[in-house]
Amino acid sequence: MATLTYKCPSCGSPLVFDGRSQDMTCGSCGNSFETETVQQVNAIEQKTEKEPNSTNWQVEERPFSPEEAARTRSYSCSSCGAELLTDETTVATNCAFCGSPSILPTQFTQDTRPSVIIPFTVSKEQATAMFHNYFKGKKLIPNLFLRNNTIDEIRQLYVPYWLFTCQADAQITYNATQVRSYRSGQYRVTQTRHFVVNRSGTLDFRDLPVDASSKMDNEITESIEPYNMSGAINFSPETLSGALANRADVNSEESKRRADQRIRTTTENTFRSTVMGYDSVIPRASNIQIPDGTSMPALYPLWHITTKKEGKTYTFAINGQTGELTCNIPFSMAKLISWVVGITGGITAVGFLILFLIAYLGVLT
Ligand SMILES: [Zn+2]
Ligand SMILES: [Zn+2]
């Protein structure tokens, strides 16, 4: 006879059948369960625990037509290695990444053709004003940035993305507890109630962006997202006029892997956020299936601004559609310390940490 090991619904250890009580007891946590309960929990879990499937992605990968290729110019930067594209009317003189003038025309080689492009709606003047306004009213900016913030370079750049659209079907089972403690006579009683929580449902993902440029820092692109796809138009070489586009050099296989990861994490987090009212929640079994989906290459607009201070280059990136801004300027630790000490004198370490977080999250962003 095949033996089936039942696992304890609360702690996962093997259960043994207790002939006297007709229950199943756990030697590890001391709980006992009715056989029927254990069988029900086991059935839910077996249904839930499945290997992730491999998704059938429909990739929209078309080459440039010969006419389009003839109207496209390609460049390569001998300083940073960036591969760039533009239309035939735009003369590229500087690299859109590093600003180096050592940018050379190259032979156009076939490449992933963008399907759609979101044009710039933020003008160069607006982007410049956003850069200057950034420093106003920020108390913890290092002194270095208080005056003469001149733009070293401002460059108009299109960043390549893969956009993923799919549906994720998920079923996740959690172990949850509610703990209650009360006094009864001379005893303090702690009562722990154990629950098996089951969630299932479907999540829709539409145009989930995955950066297709290995040159562009993912941290920068992620902090100026999202872009609004209602502003997207069909790509043609002319839509690049005046700007440089980075070639997509992260292939669709690698992008699929990153999209898959992002979809699964988002699904897990969304499902977890619906399990409320418990003192502890631990995922026990999970089954996320993404049967099929589509993936499309696109270009997103970005203003890339650099400023030099004492030999260091600081980068600003502005979403060319929404104006969302991100930068790598640090805040002044010296100013923060003098600010905190100045206000409070004998502040505690905890207070300092809170102020640190306020400064980090609120004052500078
Ligand atoms: Zn147990
Ligand atoms: Zn360069």
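**A sheet and its connecting loop**

Mentor: The protein, seen here as a predicted model, has a secondary structure of 7 helices and 16 strands. Of its 365 residues, 26% count as buried. Among contacts with a separation of 6 or more, 72% join residues 24 or more positions apart.

Within this setting, the part to examine is an open sheet of 3 strands, arranged in the order E1-E2-E3 with antiparallel pairing. Strand E1 (15–18) and strand E3 (32–34) are the edge strands, each pairing on one side only. From one strand to the next, the twist averages 35°. In general, the strands of a sheet pair through backbone hydrogen bonds, either parallel or antiparallel.

Strand E2 covers residues 23–26 and pairs with E3 in the antiparallel sense over 3 bridges. In this pairing, Thr-25 stands opposite Ser-32 of E3.

The loop between E1 and E2 contains Gln-22. Although Gln-22 is not a glycine, its phi is positive, at about 65°.

Asp-207 is placed in strand E10 (residues 187–211). With 18 other C-beta atoms within 10 Å, Asp-207 is partly exposed.

Technical notes
Residues are numbered from 1 along each chain as its sequence is written. Chains are lettered from A and ligands numbered from 1 in the order in which they are written. This is a predicted model: local features need pLDDT of at least 70, side-chain atom pairs count only at pLDDT 80 or more; totals for chains, interfaces and linings use all residues. Helices (H or I, at least four residues) and strands (E, at least two) are DSSP runs, numbered from the N terminus. A residue is buried if 20 or more other C-beta atoms lie within 10 Å of its own, exposed if 12 or fewer, and partly exposed in between; C-beta atoms are placed from the backbone. Two residues are in contact if their C-beta atoms, placed from the backbone, lie within 7 Å. Two strands pair if DSSP finds at least two bridges between them. Axes are lines fitted to C-alpha atoms, for helices over the stretch in contact, and angles run from 0 to 180 degrees between N-to-C directions.
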